[in-house]
Amino acid sequence: MLIQEIIKLLRKLHGKKEVSVTAPTGIVACSLGGQTLHSFAGVGLAKADAETLLSKVLDNKRVLRRWRMVKALVVDEISMVEGEFFDKLEYLARMIRENDEPWGGIQLVVSGDFLQLPPISVGKKKNSDSDKEYAFEADSWDQSFQLQVGLNTIFRQSDPQLIKLLQGIRKGELDDEGLELLEQCRCIDNEPDETVVRLFPRIADVSRVNDMRLKGLGEEIIVYEAFDRGERHWIDQLDRGIAPNNLQLCKGARVMLTKNLNVKGQLVTGATEMVMKPLTWNVEVGDKIRATRLQLPLILAWAMSIHKSQGMTVDRLHTNLSKAFGFGMIYVALSRLRSLDGLSFSSDFHPSKIKAHPKVLEYYKNHFE
Ligand SMILES: Nc1ncnc2c1ncn2[C@@H]1O[C@H](COP(=O)(O)OP(=O)(O)OP(=O)(O)O)[C@@H](O)[C@H]1O
């Protein structure tokens with residue numbers, strides 16, 4: 001919400017074309033109406049060294065123009081951006097713009113929480129302590145910003161008990177009181193109420209549950225194909241967003257809205273009928289729309305991945321916390337909720353699955369405490 005206000009301000013300040021809105025994943029980029037950071041940068045997977053990437057960009061007029069024109073670059077969910085990639089981009093910006101200031105003079109605005117999901121490479125590389133894993137470990141991080149601000153007001157939750165529990169889990173801690181609170185949410189018979197969203201760490205479980213539930217209804221399945229316009233390259237980015245290319249629905253399917261609709265009270269609890277019209281998702285680069293998708297603003301919602309849920313708010317969820325892996329995952333899952341009444345989880349939960357990366361804790365301690 002805050003980043004959207006900042007984008008509005010930046011656009012007023014610099015002009016729409018001069019502000020680029022990005023995120024490391026398609027899903028977040030799409031929800032902000034922007035593009036992925038990789039596609040903005042025009043560097044593909046960016047595995048090559050900085051010099052090779054530079055010559056690649058210098059060969060691409062369109063990408064080059066974008067780098068030269070941008071005055072403010074917004075990157076949301078910065079926790080998922082790798083430190084090494086951050087440094088490569090900073091170098092590219094200086095070289096392309098022939099300007100020695102950090103980022104070649106681009107105003108960089110990033111937001112996120114490093115105690116949420118990390119870059120995929122975290123913990124996978126050998127000697128990870130010496131690698132630049134997180135963006136804050138990049139050599140250029142400190143000089144990239146005039147200001148680093150900690151946001152401390154919690155809006156999503158209001159229950160002080162839940163806030164305390166989540167603040168502990170965020171830092172990898174769970175005391176007896178918290179454990180007891182969680183125990184009350186344990187699902188005795190292991191099968192959650194069908195009307196609750198199930199969050200899974202792994203995508204295979206998500207598809208399995210959604211498919212099974214859809215077929216289990218025994219109704220005729222209708223496929224809604226998205227109507228896309230734009231070049232393949234940009235449509236690929238839409239594919240990584242939340243609106244599916246092929247949406248399978250049937251009578252009675254459990255769905256979730258994927259856009260905020262101003263429905264003036266039509267979607268009140270208990271309402272079962274509403275005509276859903278297709279809406280558009282755009283990939284915007286500067287003031288140009290590069291690709292657009294027309295699709296119903298719905299996805300199957302018996303199950304969802306924790307990765308997809310990052311950034312969302314849900315009223316009720318069920319999760320199997322025993323399968324959580326890596327840092328921040330349990331915190332991301334549980335912090336989607338507004339209230340603890342909405343939580344249920346399967347019986348095999350180990351507090352050891354709650355993990356906060358020591359490097360992140362150190363970074364926060366040094367900068368914000
Ligand atoms: N200034 C505000 N006033 C009122 N409500 C707010 C405000 N900021 C955020 N909210 C509400 O709080 C919830 C979380 O907001 P938002 O998704 O922007 O936060 P976030 O920091 O990105 O969260 P996360 O990173 O955990 O997903 C939303 O439901 C939003 O409507």
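Predicted model: local features only at pLDDT ≥ 70, side-chain atom pairs only at ≥ 80, totals over all residues.
Local features need pLDDT of at least 70 and side-chain atom pairs count only at pLDDT 80 or more, while totals for chains, interfaces and linings use all residues. Residues are numbered from 1 along each chain as its sequence is written.

The chain is divided into domain 1 (2–144) and domain 2 (160–278 + 295–353), with bounds from an automatic or database domain assignment. Their C-alpha centres lie 28 Å apart. In all, 15 residues of domain 1 are in contact with 16 residues of domain 2 (contact: C-beta atoms, placed from the backbone, within 7 Å). On the domain 1 side, α2 (26–31) and β2 are the elements that give two or more residues. Helix α2 gives the most, with five residues. This side divides into seven nonpolar, seven polar and one charged residue. Here Ala, Val, Leu, Ile, Met, Phe, Trp, Tyr, Cys and Pro count as nonpolar, Asp, Glu, Lys and Arg as charged, and the others, Gly among them, as polar.

Helices (H or I, at least four residues) and strands (E, at least two) are DSSP runs, numbered from the N terminus. Four strands form an open, parallel sheet in the order β2-β1-β3-β4; strands pair if DSSP finds at least two bridges between them. Strands β2 (35–36) and β4 (107–110) each have a single partner strand, so one side of each is left without a neighbour in the sheet. Strand β3 (residues 72–75) pairs with β4 over four bridges. Val75 has Val110 of β4 as its bridge partner.

The largest nonpolar core holds 78 residues. Such a core is a set of buried Ala, Val, Leu, Ile, Met, Phe, Trp, Tyr and Cys residues joined through C-beta atoms within 7 Å. Helix α13 (residues 329–334) supplies its largest share, six residues. Each domain contributes at least three residues. Ala72, Val74, Val75, Val81, Ala135, Ile330 and Leu334 touch the most other members. Beyond four places in sequence, Ala135 touches Ile78, Val81, Gly83, Phe86 and Trp141.

Two glutamates stand out. Glu77 has a positive phi of about 50°, as does Glu98. Glu77 lies in the loop between β3 and α6 (83–97). Glu98 sits in the loop between α6 and β4. Glu77 is buried, because 24 other C-beta atoms lie within 10 Å. Glu98 counts as exposed, with 8 C-beta neighbours inside 10 Å. The cut-offs are 20 or more other C-beta atoms within 10 Å for buried, 12 or fewer for exposed, and partly exposed in between, with C-beta atoms placed from the backbone.

Terms used:
Contact = placed C-beta atoms within 7 Å.
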